[in-house]
Amino acid sequence: MNLLNDPFISTTQGKVSLKEILTSSQDYQLQYYFDETQLAMLQLLASLTTVVLKPTIVELKQYITQGVSAEQYDDCLAKVDTKWFEDDSFMQSKALSQSKVFSAPVCNLISGIESSGTVNASGLFSEMKQVENVCSDCIHVLNYNLHMNIKGDCFGSSGATGIRGGGAITTLIAARTLKSTILANTVAVDNFHKFASLSSDAEQSLMWEIPPHGDYFAAQEIGLERGLFALAYHISFQMDDKKISCDVCGRLSTKTVTAFQRTKYTGSYGSTKKGRDAGAGFWLHPYTPRNIKEDGTYAVCARDQHWQSWQELTSYVIGKETNKSSVKPAYIVNQYQEMDITDLTSLLIGGNIASQASIVGRVYDLYSMPATLSKNLIRITKVVEAGLEQKEKLSIAFNKLFGIGYDKNFVGGIKEQAMQRFVANAQQIIQQILLDVDRKEAAQLRRDAVVSLNKEAKQIFAAVQLKYQHDLPLFKALIKGEFVLHKQH
Ligand SMILES: [Zn+2]
């Protein structure tokens, strides 16, 4: 099987090839059981498309607006050394024979399934037995997921941190169809080269062709394709002949993979402290929003299970400056803005919420965006601001609880729980309001957001009042706080 030629992509209409998706008029839907695999598949397909088309930004805009023909795909593919995308080669560099090899069941390639023996490792979402057999097609997206998305800490001391850092947030452009989504996340080579300040002799080969060596891997020496598929481990897995139904895509297969072997790379990327200290620099992965601080650049991660992506939406589309740091949108968002394409799009925010070795939450949220992603962004800002203001008001309303002489932890817990509920419920409300982002002006969107979110805040506050109506000091403090939520907005 070859990833650039053969039908390895699971869709609701069966398995299809990358060429079929990109060049036919049919709109396919991906079919994978885990949204994490779905997200990894979008990253993988857009990265593979970058390898095939290698577009300039001008060409990419044409592909997005006019489509890619089968001839164009074939002409581009003829210039690619496809042997590195064969299934016995793709993203599998070979370890030296004396290296220590760790073996693990294949379920460890889905994060959230318990995968490490370390004390603070826990799997939250899935039972290990849910993923025992993986077909010979899906193993590649799981392998990709391991290198790009799974936090190394989940594997204890044998884990490695990849080029993107541990548990980075991914943002992608989600367009109307799968084809346009893949193209919208394809990287324009000329533009990226400037953006990432790669050195002119940056290594272009893939890491399973020429593995990196040294104690650290300097970012500016890693060419685009090398970085898009950068490895953190030497990997191998066996395909056994056995009739199975694949636990990742649901399709029948005559081959199964049940385990994989890994040996971590000894050098470090600039995504780790070790690499940073050695001056490796952070490779600007096109799907990663980043946080620039005085001491270096970091991937944006979500580290609290009560975190909801709406709170950071503005910084992922426009950016955010504070005294201590500045958050920049992922390259892919800027690239789309630069092409100035007018079409309905959404922003997909995905990733794991990791705490040490545990995965404590998952994010997979879609937000409607203005039809031209470089205009009307104030509309998004206004909605998110309205949410943050109502959150702040709710917080102030609860602060009266701290003045009644009760145990701080007790009243703090009441407040914390209510705030978490607000942040969680606001997620849906904001996604809902943004569905109108293209039809309504900023002021109207803001009013809608204020009304809905204020109502939500009041309801949450009222529920706490009801619960403590017989505790007079508490109840009185809540009455005092309530007015904050009723003040004119
Ligand atoms: Zn499968």
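## Strand pairing and helix packing

Strand E11 (residues 320-321) pairs with E12 in the antiparallel sense over two bridges. Strands (E, at least two residues) and helices (H or I, at least four) are DSSP runs numbered from the N terminus, and two strands pair if DSSP finds at least two bridges between them. This is a predicted model, in which local features need pLDDT of at least 70 and side-chain atom pairs count only at pLDDT 80 or more, while totals for chains, interfaces and linings use all residues. Residues are numbered from 1 along each chain as its sequence is written.

A hairpin of three residues joins E11 to E12, and Glu-321 stands opposite Ser-326 in E12. E12 (residues 325-328) is also joined by four bridges to strand E9 (residues 290-293), and these two run antiparallel. Here Lys-293 stands opposite Ser-325 in E12.

A further open sheet has three strands in the order E3-E8-E5, with antiparallel pairing. Its edge strands, each pairing on one side only, are E3 (102-105) and E5 (233-237). The twist averages 30° from one strand to the next. E3 pairs with strand E8 (residues 259-264) in the antiparallel sense over four bridges, and Ala-104 stands opposite Phe-260 in E8.

Two helix pairs are tabulated below. Axes are lines fitted to C-alpha atoms over the stretch in contact, and angles run from 0 to 180 degrees between N-to-C directions.

| Helix pair | Angle | Axis separation |
|---|---|---|
| H2 (residues 35-53) and H5 (residues 138-148) | about 90° | 9 Å |
| H13 (residues 408-434) and H14 (residues 442-467) | about 150° | 10 Å |

H2 and H5 are therefore roughly perpendicular to each other, whereas H13 and H14 are therefore roughly antiparallel. Angles under 35 degrees count as roughly parallel, over 145 as roughly antiparallel, 65 to 115 as roughly perpendicular and the rest as oblique.

The residues of the contact of H2 with H5 comprise six nonpolar, three polar and one charged. Ala, Val, Leu, Ile, Met, Phe, Trp, Tyr, Cys and Pro count as nonpolar, Asp, Glu, Lys and Arg as charged, and the others, Gly among them, as polar.

For H13 and H14, the contact includes Arg-421 and Phe-422 of H13 and Asp-448 and Glu-456 of H14. The residues of the contact of H13 with H14 divide into 13 nonpolar, two polar and three charged.

Note on methods. Contact = placed C-beta atoms within 7 Å.
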